[in-house]
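Visitor: I would like to learn how to read a model like this one, feature by feature. Could we begin with the overall fold and then go to single residues?

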Amino acid sequence: FEPKLDADCIFCKIINGDIPSYTIYEDDMVKAFLDISQGTPGHTLVIPKTHVPDIFAYDTDLASAVFARIPKIARAIKASDDRIIGMNIVNNNGAVAYQSVFHSHFHLIPRYSDKDDFR
Ligand code: 5GP
Ligand code: ZN
């Protein structure tokens with residue numbers, strides 16, 4: 001695995017530590033960190049530690065690595081608060097699909113018991 005970072009990409013800067021982030025999980029292949037704009041508390045972004053702009057640029061090895069790690073990260077977030085009873089996982093590709101940061105990422109958005117959920 002040869003990671004490639006893009007000097008002009010904000011998520012590459014998060015990977016190399018030039019922009020601070022609140023890390024939820026990290027290994028050689030992926031980083032998970034809190035979204036700066038929390039849709040619900042615990043809203044997390046999972047990114048590959050190599051610069052790929054969108055899902056269309058994944059090869060099978062990268063897809064296997066990133067997708068394989070999402071359930072474990074999702075469980076860790078869910079286990080962090082017993083009010084979390086569900087989760088949306090969202091991946092936007094292209095400006096037309098509301099992608100705003102062009103380093104591929106998956107939104108993990110915890111959903112809370114009705115009394116506490118945000119709508
Ligand atoms: P997109 O719209 O591309 O699917 O999502 C990009 C996400 O990145 C947004 O939810 C936005 O809040 C988040 N974001 C943008 N800049 C930063 C940043 O510098 N730090 C963190 N933690 N999140 C960011
Ligand atoms: Zn990048």
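Visitor: In what order do the five strands form the open sheet, and is the pairing parallel or antiparallel?

Guide: Please keep in mind that this is a predicted model. As a general idea, strands of a sheet pair through backbone hydrogen bonds, in either a parallel or an antiparallel manner. Here the order is 1-2-3-5-4 in an open sheet of five strands, and the pairing is antiparallel. At the edges are strand 1 (23-26) and strand 4, each of which pairs on one side only, and from one strand to the next the twist averages 20°.

Visitor: What packs on the sheet?

Guide: Helix 2 (residues 60-79) does, touching strand 1, strand 2, strand 3, strand 4 and strand 5, and its direction makes about 20° with that of strand 5.

Visitor: How many bridges join strand 5 to strand 3, and how many join strand 5 to strand 4?

Guide: Strand 3 (residues 44-48) is joined to strand 5 (residues 106-112) by three bridges in the antiparallel sense, with Thr44 opposite Leu108 and Leu45 having His107 as its bridge partner. Strand 4 (residues 84-90) and strand 5 are antiparallel as well, over six bridges, and Ile84 stands opposite Tyr112 there.

Visitor: Where is His105 found, and why does His105 count as buried or exposed?

Guide: His105 is in the loop between strand 4 and strand 5, and the unreviewed UniProt entry annotates His105 as "active site". His105 counts as buried because 24 C-beta neighbours lie inside 10 Å, where 20 or more are needed for that class. Apart from neighbours within four places in sequence, the contacts of His105 are Phe11, Leu45, Val46 and Ile47.

Definitions and conventions:
Residues numbered from 1 in each chain as written. Chains lettered and ligands numbered in written order. Predicted model: local features only at pLDDT ≥ 70, side-chain atom pairs only at ≥ 80, totals over all residues. Pairing = 2+ DSSP bridges. Helix = DSSP H or I, 4+ residues; strand = E, 2+ residues; numbered from the N terminus. UniProt positions renumbered as here; feature names shortened; annotations may be inferred. Buried ≥ 20, exposed ≤ 12 C-beta atoms within 10 Å, placed from the backbone. Contact = placed C-beta atoms within 7 Å. Axes fitted to C-alpha atoms, helices over the stretch in contact; angles between N-to-C directions.
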